[in-house]
Amino acid sequence: MKITEQNLGADIKACKLARIYLLYGEEDFLIHMYTDKLISLAVPEEAREMNFKKYSLVPGADKSTRDDRPPKIDELSDFADSMPFFAEHKCVLLKNLDPEMLDKSEFEDYIALFNDIPDTTVIIITRENTEDDPKKFKEKLAKAKMKKLIETVDNNGIVCEMNFFTQAKLEGMAIAKCRRAGCELSDENAAYLAENAGGSLSILQTELEKLCAYRQSGEITRADIDSLVPKRIESNIYDLAKELFSNRVGNALEILNGLFIQRVEPIIIMSALSGHFVDLYRAKQGITAKKSYSEAASALNYGRRAFVMKNAYSAVRRLSEDYLADCVAVLYNANKRLNSSKADKRLIIEQAIIEISALPR
């Protein structure tokens, strides 16, 4: 059965256990949290020595390295099929199981085991996004073996996909967490912090703990966030564009210099810069078509990144569509030079910024 994260939480609260779980997705914080809760519900701490096995796997690991590959089916089935020792359940955690690590016969044996789990055994399978590129992770989820695994668990237990929260939910959680710690966080600064976290609850939780420990009580300010929370490249690019739109090209180049000091690769800077201006151009088209930011985000498949379109709508209201189209054209040409020319890559990006600053708005 496929259920939501909220329903999974409700099941755990009601002490309802299935025989098999598959928790997967982009939000590793939620995967870790619910995995720990399921293990605690299945096997109490004092009974784990004889009744709990954890396999920490590494997707893509060499087949000769058994420690970070899936266990042999005999080992797994011997444990899963045996009775628990002075406990209600046995529990197996297959952390970061990638079906592509199994050959055809191994995979079929795993599927046969998952189709016939004893009532006294709970198997928990997790699959986090271990890829640098989110697109690669989605491609892996779409492969035949992963689809078969999802289908098998769906038929025998619980499947729950853990994706990034919406911007609004992250902001609300940030404010609530600060209050519990005796601090205050304004709506505006919560939005700023959530955006810097890139939609990741894991990053947001880490940064909130740091900020609350620093402030201890009272209001967490924008200055606190800027001092303690490292900016993602997207946030730097957003600030760079704002400086360009305000005709402060010197400030824009200073932000660019900061990225180079951090040794961010030129191709990554260009990709983020181009992507941001494409977002802005799309937002302007959405406004011209009299569509809301949410309608535009939905039509363009922004998904959990709908907040990007919301911010873009705010940024482009005083900018013309022609101006933004010219900006995109400048960056397109710069990107071509970056990939084909032997010229200094930093100089190419700086020239593109100067060209954009000279465009009529």
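In helix 17, the residues Y323, L324, C327, V330, L331, A334 and L338 are buried (buried meaning under 20% relative accessible area, exposed over 50% and partly exposed in between, with a 1.4 Å probe and protein chains only). Seen down the axis of helix 17, these buried residues fall within an arc of 115°, so they line one face of the helix; the arc is that of the directions from the helix axis to the C-beta atoms. An α-helix has 3.6 residues a turn, so residues three or four places apart point the same way. On the other side of helix 17, D322, Y332, N339 and S340 are exposed. The buried residues of helix 17 pack against helix 12, helix 14 and helix 18, where contact means heavy atoms within 4.5 Å.

The model is predicted: local features need pLDDT of at least 70, side-chain atom pairs count only at pLDDT 80 or more, and totals for chains, interfaces and linings use all residues. Residues are numbered from 1 along each chain as its sequence is written, and side-chain values use heavy atoms, with hydrogens and water left out.

The length of helix 17 can be checked against its residue count. Helix 17 comprises 20 residues, 321–340, and at 1.5 Å a residue should span 28 Å; its end C-alpha atoms are 29 Å apart, which agrees. The expected span is 1.5 Å times one less than the number of residues.

The protein as a whole provides the setting for this helix. Its secondary structure comes to 18 helices and seven strands; helices (H or I, at least four residues) and strands (E, at least two) are DSSP runs, numbered from the N terminus. Along its principal axes the C-alpha trace spans about 75 × 50 × 40 Å. Of the 361 residues, 45% count as buried. Among contacts between residues at least 6 apart in sequence, 75% join residues at least 24 apart.

The 13 residues of helix 13, 249–261, should span 18 Å at 1.5 Å a residue, and its end C-alpha atoms are 18 Å apart, which agrees. Within helix 13, A252, I255, L256, L259 and F260 are buried. Down the axis of helix 13, the buried residues fall within an arc of 145°, so they line one face of the helix. The face turned away from this buried side carries the exposed residues E254 and I261. What covers the buried residues of helix 13 includes helix 12 (233–245), helix 14 (266–288) and helix 18 (345–357). After helix 13 comes R263, whose phi is positive, near 65°.

N247 has a positive phi of about 65° although it is not a glycine, and N247 is exposed, with a relative accessible area of 55%. Leaving aside its neighbours within four places in sequence, S357 is in contact with L244, N247 and V249. S357 is buried, with a relative accessible area of 16%. The side chain of S357 reaches the backbone oxygen of I354 at 2.6 Å; a polar contact is a pair of N or O atoms within 3.5 Å, where within protein one must be able to donate a hydrogen and the other to accept it, and residues adjacent in sequence count only if both atoms are side-chain atoms.

N7 is partly exposed, with a relative accessible area of 40%. N7 and C160 are 153 residues apart in sequence and 9.2 Å apart in space, C-alpha to C-alpha. The loop between helix 1 and strand 1 (20–25) holds C15. Phi of C15 is near 60°, a positive value in a residue other than glycine, and at 54% relative accessibility C15 counts as exposed.

The structure holds one cavity of 30 Å³ or more, and the largest cavity has a volume of about 50 Å³. On a 1 Å grid over the protein atoms alone, a cavity is a set of points where a 1.4 Å probe fits but cannot get out, and lining residues have an atom within 4 Å of a point. The largest cavity is lined by D98, P99, E100, R127, F137, K140, L141, K143 and M146. Helix 6 (residues 134–141) contributes the largest share of this lining, three residues.

Technical notes
On a 1 Å grid over the protein atoms alone, a cavity is a set of points where a 1.4 Å probe fits but cannot get out, and a pocket is an open set with protein on both sides within 12 Å along at least five of seven lines; lining residues have an atom within 4 Å of a point. Grid points are joined across faces, edges and corners, and a volume is the space filled by probe spheres set on the points.
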